[in-house]
Amino acid sequence: MARFGMVIDTRKCVGCMDCVVACKTENNVPEGYNRDWIVTTVNGKYPTLNLEIQSQRCNHCDNTPCVACCPTGASHIHDVGAVVLVEHNMCIGCKACLAACPYDARFIHPEGYADKCTFCIHRVEKGELPACVAVCPTHCMSFGDLDDPESDVSRLIVSRKNHQLLTEAGTSPRIYYLV
Amino acid sequence: MQELTTTRHNPFIDPFTSVWGWEIPVYLFLGGLVAGLMIITGYFILKGKHKNPDSIVHYVPFLSIIFLTIGMFTLFLDLNHKLFVWRLYTTFQITSPMSWGSWILLLVYPALIANILIDPPQILINTFNVVSKWSRVINSKESFMNNIGFLNIIFGILLGVYTGVLLSTMGARPLWNSSVLWLLFLVSGLSTAAAFGHMVAKDVDEREFLAKSDNIFLISEFVVIILMLVGLMSSSQAHIQSAQLLLGGPFTAPFWVFVVGMGIIVPLFIQLLAVNHKIKHTPVAPLLVITGGLVLRFVIVYAGQFSHYINAHFQ
């Protein structure tokens, strides 16, 4: 089974939010909510500052506290690409998964169920790229199978210095940021 | 300098997680109280106190089921997808404490109902014909009584433990991620239950016993709180910062004033004087203990959501 992941080149990302707009349009994300977002971090001491722009979303972790804590099985790991999804009609809106996610990647949809990034699995299953990846004007985002050593994502991870987010939370996130 | 800006502004997520409001602490408090009452009444039944018509065994189980039902109603109020609540009972998710809890609650109700049937209130006898028949059956054999007492202790412990485990399994929230949170909630449930029993007991010996027990539970609760804070302070940066929410941070005042001061130390002092016959038993100390138990759930639930791994990067 494939294990989908994403690699984002922070040296190419300009924080234009095209990925955010594409996601909202593609997935009909309600106004005032975000499945993906831009985080800008600044580290260092003036004048030697380091700025990093990250397009963030659900990390589709290998260890999934959101799936483990779900009392109904609504949060589950999809057969295709081990993508973490929520079955809306099984979700009771208890919000345990929101509390369990160290990335705060989930929210409660105005209709009552937990919602989050799906890696645009409906597009991926048709052979297309996730909407955010497809529209990126700087081509800073790559999507593919982390278990396939020949995939773009695997090649980028071994060829460039990179980091994941909050690895100390122990969830083994599957989004890598090239630095 | 470390600075982080985000474009995300999801409701109840940003700027910090606040997905669980008053409903969850109220449920956790009532769940803990009922768990404690089940353990105490179960113990009293095993000790044969049901033979005393003034014992709390004769009226507290009925109050317990009312408290638990109110608690479950607040839990229901918290759900955002209410019409799908039945989904809880179409599956059992072994890794989900909430799934365990929903099934444990199904076991708790029969145990409480059996406890009520030992001496059902008149309103139930008048409403349901079958109540007096079942009450006669239960009272016909001492072994039935022992089983009811035993079941109430077991399911009471399960209920009390689960309310803590529900939070402590959330690795993303460092304050909750303590291995003694279940013990804190269980002991707090026992202390609030003993305080409630102390307040409503008609029998003098039972009242004395419950006040003395409450003193032991309060001392234990204080020790567990210290152990929890020591455990967090000797863990990772995120855990240390989560403990600091209660040690100088924004939740310090409610925690130390209402939970530890007014909820443990002051009532312990009053009850120690009362059991040594220096002063009369009054509802003041039990009410303080019960309020402290409620505030404890509020502080832990709110501060726990506030605690986060991201904070550890920005100190």
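What follows is a set of questions and answers on this predicted model.

Q: How many helices does chain B have, and how many strands?
A: Going from the N terminus, chain B opens with a β element and then runs through α elements to the end. Counted up, that makes one strand and 11 helices.

Q: What is the radius of gyration of chain B, and what does the globule rule give for 315 residues?
A: Chain B has 11 helices and one strand. The globule rule gives 20 Å for 315 residues, and chain B comes close to that, so chain B is as compact as a globular protein of that length. The radius of gyration of chain B is 21 Å.

Q: Among contacts in chain B between residues at least 6 apart in sequence, what percentage join residues at least 24 apart?
A: Along the principal axes, the C-alpha atoms of chain B fill a box of roughly 75 × 55 × 25 Å. Of its 315 residues, 53% count as buried. As for those contacts between residues at least 6 apart, the share joining residues at least 24 apart is 74%.

Q: How far apart do the centres of the positive and negative side chains of chain B lie?
A: Chain B exposes about 13,800 Å², with 71% of that supplied by carbon and sulfur atoms. On the charge side, there are 16 positive and 13 negative side chains in chain B. The centres of these two sets are separated by 7 Å.

Q: Which side chain of opposite charge is nearest to Glu23(B)?
A: Glu23(B) sits in helix H1 of chain B, residues 23-46. Leaving out neighbours within four places in sequence, Glu23(B) is in contact with Thr74(B), Leu77(B) and Asp78(B). Glu23(B) is buried but has no salt bridge, and at 6.6 Å its nearest side chain of opposite charge falls outside the 4 Å cut-off. That side chain is Lys95(A).

Q: How many residues apart in sequence are the parts tied together by Asp115(A) and Arg35(A)?
A: The two side chains form a salt bridge, 3.0 Å from N to O. Asp115(A) belongs to strand E7 (residues 114-115) of chain A, while Arg35(A) is in the loop between helix H1 (18-27) and strand E2 (37-45), so the pair links parts whose separation in sequence is 80 residues. Both Asp115(A) and Arg35(A) are buried. The separation asked for is 80 residues.

Q: Does Glu128(A) count as buried or partly exposed?
A: Glu128(A) pairs with Arg123(A) in a salt bridge, their closest N and O atoms being 3.7 Å apart. Arg123(A) has 15% relative accessibility, which means it counts as buried. At 35%, Glu128(A) counts as partly exposed.

Q: What is the N to O distance in the salt bridge of Arg155(A) and Glu150(A)?
A: Arg155(A) is partly exposed, at a relative accessible area of 45%. Glu150(A), at 53% relative accessibility, counts as exposed. Their side chains meet at 2.6 Å.

Q: How many salt bridges does a search of the whole structure find over all chains?
A: One network of salt bridges links Arg3(A), Asp62(A), Asp147(A) and Arg174(A). Over all chains, the total is 12.

Q: How far apart in space are Asp203(B) and Ile56(B), C-alpha to C-alpha?
A: Asp203(B) is in the loop between helix H7 (181-200) and helix H8 (204-233) of chain B, and is buried at 18% relative accessible area. Not counting residues up to four places away in sequence, Asp203(B) touches Asn52(B) and Asp54(B). Asp203(B) and Ile56(B) are 147 residues apart in sequence, yet their C-alpha distance is 8.1 Å.

Conventions
Residues numbered from 1 in each chain as written. Chains lettered and ligands numbered in written order. Predicted model: local features only at pLDDT ≥ 70, side-chain atom pairs only at ≥ 80, totals over all residues. Heavy atoms only, no water. Helix = DSSP H or I, 4+ residues; strand = E, 2+ residues; numbered from the N terminus. Buried < 20%, exposed > 50% of the residue type's maximum accessible area, 1.4 Å probe, protein only. Lys, Arg positive; Asp, Glu negative; His and termini not counted. Contact = heavy atoms within 4.5 Å. Rg over C-alpha atoms; globule rule 2.2 N^0.38 Å. Areas by Shrake-Rupley, 256 points an atom, 1.4 Å probe, with all protein chains shown as cover. Charge placed at Lys NZ, Arg CZ, Asp CG, Glu CD.
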